[in-house]
Every structure is written in C-alpha cells, then in structure tokens.
2 protein chains.
Amino acid sequence: MKTLIDLRDVLSEDLQQVLDIFDAELASDLDCVNRLVEFTRDYRGKMLRPQLLLLVGKSFGPLNRHHLVLAAVVEMVHMATLVHDDVLDEAEIRRRGPTINHRIGNEGAVLLGDYLISHSYHLCSSLDSTQFAQRIAAITNTVCEGELLQIANRGNWDLTESTYLEIIRRKTGALTSVAAELGAAAAGASNAVIQRMADFGMELGMAFQIVDDLLDLLGSPESTGKSVGRDADLGKLTLPGIHFLKDAGPRQRESFIAAISAPESSSGDLAGLLAGSDALSYARTVAGSHISRAIQHLGVLPAGDAREALQSIAHLVLERTH
Amino acid sequence: MKTLIDLRDVLSEDLQQVLDIFDAELASDLDCVNRLVEFTRDYRGKMLRPQLLLLVGKSFGPLNRHHLVLAAVVEMVHMATLVHDDVLDEAEIRRRGPTINHRIGNEGAVLLGDYLISHSYHLCSSLDSTQFAQRIAAITNTVCEGELLQIANRGNWDLTESTYLEIIRRKTGALTSVAAELGAAAAGASNAVIQRMADFGMELGMAFQIVDDLLDLLGSPESTGKSVGRDADLGKLTLPGIHFLKDAGPRQRESFIAAISAPESSSGDLAGLLAGSDALSYARTVAGSHISRAIQHLGVLPAGDAREALQSIAHLVLERTH
C-alpha cells in the first residue's frame, strides 16, 4: 500500500519549492534563532496540509506562486501548533525524537512557536491580496478556540460526542479545510467549488483527528512516533472513551476513569477495557463516514492524477497505523 | 506631574473606540473563550502604544478608521507578549494582580497568548491594504527574535552593552517604533516623516525598557505592580548590571553574580551593590540620551497639542517610578 510519504513523489519538486520558501522565510540574522529553527526539521512529517493544497491546485492546472507560498504558510501554522501543543501536553516524544520543549525547555518552545506563527503571517502578507491573510488568521483564531475548548473540557467525563466533534472541527479540521480551500481559491475556482473543497478538507481533517486519537489510545511510541496516552493521562476524553462511557455501567465507568486518570496507567489497561466494547469500531465507523463524505466532495474536481492522489490520501487517513 | 494615565484624557474618546474594536475582535461564540479573554482586562495598563499611534496620527489632522484599528492591533500584540512573557518568566504578579498564568495555568496562558496574536493579525488583515499586515508581522518576527536573543544570553555574565541594546531594540523598541510609524503612515505622511516617526518610537521604546529594567532591579511589587527581581532571578543581565560588571574587581563580580543568581535574593542586595557604583546613574543617562533623540525626531511633526502630548510622554517615560 502506498503511504502519504510515497504520495509525496507526485509532488516532489513542488514540495521542495515549498520547503525552500519555508526555510527562506524563517532565516534570521541571529545565529541563536537559526539554531532553534533547526530543531523544527525533526518535526517535518507527512506534509499533509501542503499536499492537500497543492493537489487541489494541480487538479485545475499548473500551480502558481500563490499555491507554493500558501502551502508553506499552512505547514508553518501547523508546525507552530505542534510546538505549542507539545508544551501544553508536556510531551517528550514526537516523530520518534525528543520534543522541542524537552530539548530546549518550555520557554524556548513557546517563543519558537510564536516565531513560527509570526512568520506564517508575514509570509502570507507578502501575497498581493489581503484575502489570503484574512482566511489564514480567521482559521488560526478557530484553531485556538478548539484548543481552548479542549482544555476547558479536560476531566469532563460527561463530554458529549457533539462537543468532541466541535473541538476537533476547530483544532484540526479548520486547518486542513483552509488548505484545500486555498488550493482551489489560488487556482481561481468558483466560489461553489472553493466551498466544496473547504468541506472536503474539513471532513478529511476530522477523520484524521479521530484516527489520531485512536492511535494515541492504542499505539506504542514505536509505531506512532510520539508519546502515547498523554492525552489520556491528562484527562482528555476522545471518541472511543465518550462512546464507552455513554453505555457503561457504574463499575465500568469507574474502571475507565481510573485507567484514564492515573498518570502511570499504561495504554494496555485502557485498550483492554475498550476492546471489550464496540467503542473502537464505533470510532472507526465515524471516521469512515467522514472519509466517505470527503471523497464525495472530490467529485467536483476535474478528473486526473491530482484528484486520484487526493482520493488515495483520503483512504490512507483511515488506514494509517502511525 | 501628569502621568501617562492623565494624558489619556486627550484621547479618551478615541481610546474608547479602540477598546471597543479590541473587545469586538476578541469576542467568541464559545463561553469558555470569552471567560479567558476577560482575564486580559486586568492587563490593560497605560496603553502606551495606542497613545503613540493615535497622537502621531492626530498631529496630522483628524484620525481615520485605520488609526483606530491599528491602535487596537498594536495593543493586542503587546498584550499577547505580556501573556507569553509572564509564562516565560514564571511571574506571579502583573499590574498589581496575579498573572494570567498564575490564575489559569501555563497551558491556558500559552493558548490565550496565541488567541490574542491570531486576532491581532486577523484584525490587521481586515484593512484594505497588505502593507499594514506586512509591517505588523515583520515587527512580531523581530519581537520574537529579541526574546530569543534574551534567553540565549541568560546567565551570560559577559553580555555586552551592545548585545543588550540589540535585545531591547527588538523586544521592546520594535513595537513602539511601528506604533509611531503606522500613526504617520495611516495619515498619509511622506516616507521621510514615516521613517522619523519609526525612529522616534524606537528611541522611546528603548528608553522605556531601560527604565523598566531599572525599576525591576530596584522597585518593590507595590510600586511596580509586578513581581520584582524576576528578570534578575532568572539570570538576565540588564544595563546597570552590565556596566557594574565591566568595571568590577573579581570580588565585586563574585558578589554581584551571587546576588543576581540566588533565587531567594532580595532586590535589596543587588540595589546595595549597584548603589555603591555609578551603574544606576549610567543607565539613567543612557535612557535620557534615547529620550533626547526621541524628542528631536518629534520636530518633524506639525506643532500642536498632539505633538506636545508626545513630548510629555517622552519625558514621563524617563521619570516614571512604576
């Protein structure tokens, strides 16, 4: 099976240009800043959001400068959220290496995240229209709201599925949504098509987060490449847990809350409890329905290699194991 | 003597409009977000940066919508830096009240700072030209660099005066500089005048920071309204310390480093050491020379109440005791 990394081959030259723009934007006249920025290299992963933006753009024809710049912008925003998220989660491992906060301290990590977000706006404001900067800033507003809604619900064992979906819609869906949207907008697509691409990106992002949360509960650091069970440790309920608690008797509920609350709890305890219910398959089904809707939205794109690659990505989001 | 707060009377109606724009921009559909934003009310202080922007604008004639929006933007950027700074400094008191990180935890404070910075760009990108967003983002890049340069030099007892000045130029001067600059730019002033206003704001901001650092070393929480000696506790050298160490013998050097490094050190120990040298008067003289240059730059503005208020502010920056 192809992976998201394999699919990057379709875009390899374009992605290299995106990385060049990314690196040039972050270069400073201060060595101490450049040394910190170097740490972000280890955070580079699948480049999902640039891929979405470029492939949507490519489905309409050759890419333009706006696509490349905006792809660098969405990746920079994403990296800023990773750096600050790891501070918030007190995570120690990401992408199979120590997190930036673990290596340089929370202070440097907060400032590095600020530096990344500032440069993402700076890069975006280099384009000749305010429409892109407006959309990016509106989406980062939403991402912050999603994160704040999440921490407001930490330890809330009565978190509803609809609030969980609202959290992931904002904290993850918003950025994948704007990536796909801007790919179409920069290609000069019609408003109706731009909206369908925003919807595509939203569905894909929500599925991505549901699967991410599943892997967080079940995976090992070796397969996910990051600290496992940290969300759980910190009392964040995700879809399987919400579904489990909805049907759980008082005793099951107590066991689950004990397992998810204990900082020393291994993911094994939680996985064992959840495996005895339909919670895991339920979460996979919900993720699958988001992917089905995402693929339907792709129908508005011109047929071709780019659209096929987007369909493959949608399937891979569901099937990924790390 | 008039204070910065008294001077706000000149602008009271305009500043109220700025605050209305500020509050409207930050309003969310999520209650949990609005509750957090409420905490920022206690961080409102002198509104120095909006005052600079509006008074520079007013010296050319009636203010326009751009002035009011940009004044809200610079205040929002400033507040974001305060919120993240307090996380970095682990400060517990600001403006005579507990800091936001102390009240809601570092996690909420990091995200609230992100929310503020995101909204500052969002507000800025609502203007009909990308020039303002570009300048604001360029300046926030610089502010982050200043902060990073500062933490890279923590515990560096050989910090030079020129590196210290570079730190404060970026972390404080850049934002006061852009405030004065945009006040002129939004009034349609010539490039030469815009540049002089940028220079005015830079000189004023550097003096402000030198005085702030002096008050940090010498003041009490009662008079400064924030935790005292935190910068010192964390091994950040400021101008008096740099000057003291330059001329200090080995024994004085040792005493100074011991006093500034000990987390439990009272500001009294440091103040005693510094008072026995010309370090404090030297720092005041340097601040004074920045203010003299700032006032010279004001000469390019049309004479009138607004220019006089700016001169008063420049004097007050030097004379303030909190």
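Two residues are taken to be in contact if their C-beta atoms, placed from the backbone, lie within 7 Å. On that basis, in this predicted model, the contact between the two chains takes 36 residues from chain A and 36 residues from chain B.

**Symmetry of the two copies**
- Chain A is superposed on chain B by a rotation of 180 degrees, with 0.0 Å of shift along the axis and an RMSD of 0.0 Å, and the two copies are thus related as by a two-fold rotation axis.
- Among the residues of chain A, the one that comes closest to this rotation axis is Thr130(A), whose C-alpha lies at 2.8 Å.
- Because 100% of the interface residues of chain A are also interface residues in chain B, the copies meet through the same surface.

**Makeup of the contact on chain A**
- With 36 residues of chain A taking part in the contact, at least two residues of the side that touches chain B come from each of α3 (31-39), α5 (65-89), α6 (100-124) and α7 (130-152) of chain A.
- The helix that gives the most to this side of chain A is α7(A), which contributes 14 residues.
- By residue class, the side of chain A that touches chain B divides into 19 nonpolar, 12 polar and 5 charged residues.

**Helix α8 of chain B**
- In chain B, helix α8, which spans residues 161-185, bends by about 50 degrees at Gly173(B).
- This helix, α8(B), is mostly covered, given that 19 of its 25 residues are buried.

Note on methods: Residues are numbered from 1 along each chain as its sequence is written. Chains are lettered from A and ligands numbered from 1 in the order in which they are written. This is a predicted model: local features need pLDDT of at least 70, side-chain atom pairs count only at pLDDT 80 or more; totals for chains, interfaces and linings use all residues. Copies are superposed by least squares on the C-alpha atoms of residues with pLDDT of at least 70 in both. Helices (H or I, at least four residues) and strands (E, at least two) are DSSP runs, numbered from the N terminus. Ala, Val, Leu, Ile, Met, Phe, Trp, Tyr, Cys and Pro count as nonpolar, Asp, Glu, Lys and Arg as charged, and the others, Gly among them, as polar. The bend at a residue is the angle between axes fitted to the seven residues ending there and the seven starting there. A residue is buried if 20 or more other C-beta atoms lie within 10 Å of its own, exposed if 12 or fewer, and partly exposed in between; C-beta atoms are placed from the backbone.
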